[in-house]
Amino acid sequence: MKLYRFIKGYLQNRKYQKILNKVYEEDEIIAKLSFALGSQFRRDWIGRLYTVINPAIKDGKYDYTQVYEYAQEGYDTTEHAQQWIVERLSAIQTVIQTNNLFDVLSFTIKKLDDEGNYLFVVYPVTLPEVLETWKGAAIQAGLIVGAGTTLGIFWQQLLTLF
């Protein structure tokens, strides 16, 4: 079952990725994202766009408007960083709406360290299912190949007896 889900998800992700690749190049989405957030985006081999951002640093200098929230673990800037990123993304909202990419793209924000650095990743909505099911699909494919090979060897040995 995971093999079927993986193949279905992979084909759908591949279709979305082709659309996104075309839009990324034609409308220079990567350059616009980089400009809007003030941090250079990179693209990995599975189609995610990512960058490390620090909202407290603007043009190489510390920004004193940074908001700190006190939590049980100490000072936390996650809410401020998420709000800062969403505000910057609204600058390219018209480009995303024009290309109807709201249904195709999703994003995550992950805190990297206590210095206010965050990993911002933009990815196709179909990618998580592909990443979730690939291991189970590989195991199932291996079992199918292994069973087929064993059955083939069995039949070959059986035929040589007669």
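This is a predicted model: local features need pLDDT of at least 70, side-chain atom pairs count only at pLDDT 80 or more; totals for chains, interfaces and linings use all residues.
Visitor: How many salt bridges does the structure hold?
Guide: The structure holds 3 salt bridges.

Visitor: What does Glu129 pair with?
Guide: Its side chain meets that of Arg5, with N to O at 3.7 Å. Glu129 sits in helix α5 (residues 127–161) and Arg5 in helix α1 (residues 2–27), so the pair links distant parts of the chain, 124 residues apart.

Visitor: Which salt bridge does Arg5 form with closest N and O atoms 3.5 Å apart?
Guide: That is the one with Glu132. Arg5 is in helix α1 and Glu132 in helix α5, so this pair ties together parts 127 residues apart in sequence.

Visitor: Glu132, buried or exposed?
Guide: Glu132 counts as exposed, at 55% relative accessibility.

Visitor: And what about Arg5?
Guide: Arg5 is partly exposed, with 29% relative accessibility. Glu129 is also partly exposed, at a relative accessible area of 31%.

Visitor: Change of topic. What does Asp44 meet in a salt bridge?
Guide: Asp44 meets Arg48, side chain to side chain, at 2.6 Å from N to O.

Visitor: Why is Asp44 put in its burial class?
Guide: Its relative accessible area is 18%, and buried means under 20%, so Asp44 counts as buried. Arg48 is partly exposed, with a relative accessible area of 28%.

Visitor: Back to shared partners. Which residues join into one network?
Guide: Arg5, Glu129 and Glu132 do, through salt bridges that share partners.

Note on methods. Residues are numbered from 1 along each chain as its sequence is written. Side-chain values use heavy atoms; hydrogens and water are left out. A salt bridge is a side-chain nitrogen of Lys or Arg within 4 Å of a carboxyl oxygen of Asp or Glu. Helices (H or I, at least four residues) and strands (E, at least two) are DSSP runs, numbered from the N terminus. Buried means under 20% relative accessible area, exposed over 50%, partly exposed in between (1.4 Å probe, protein chains only).
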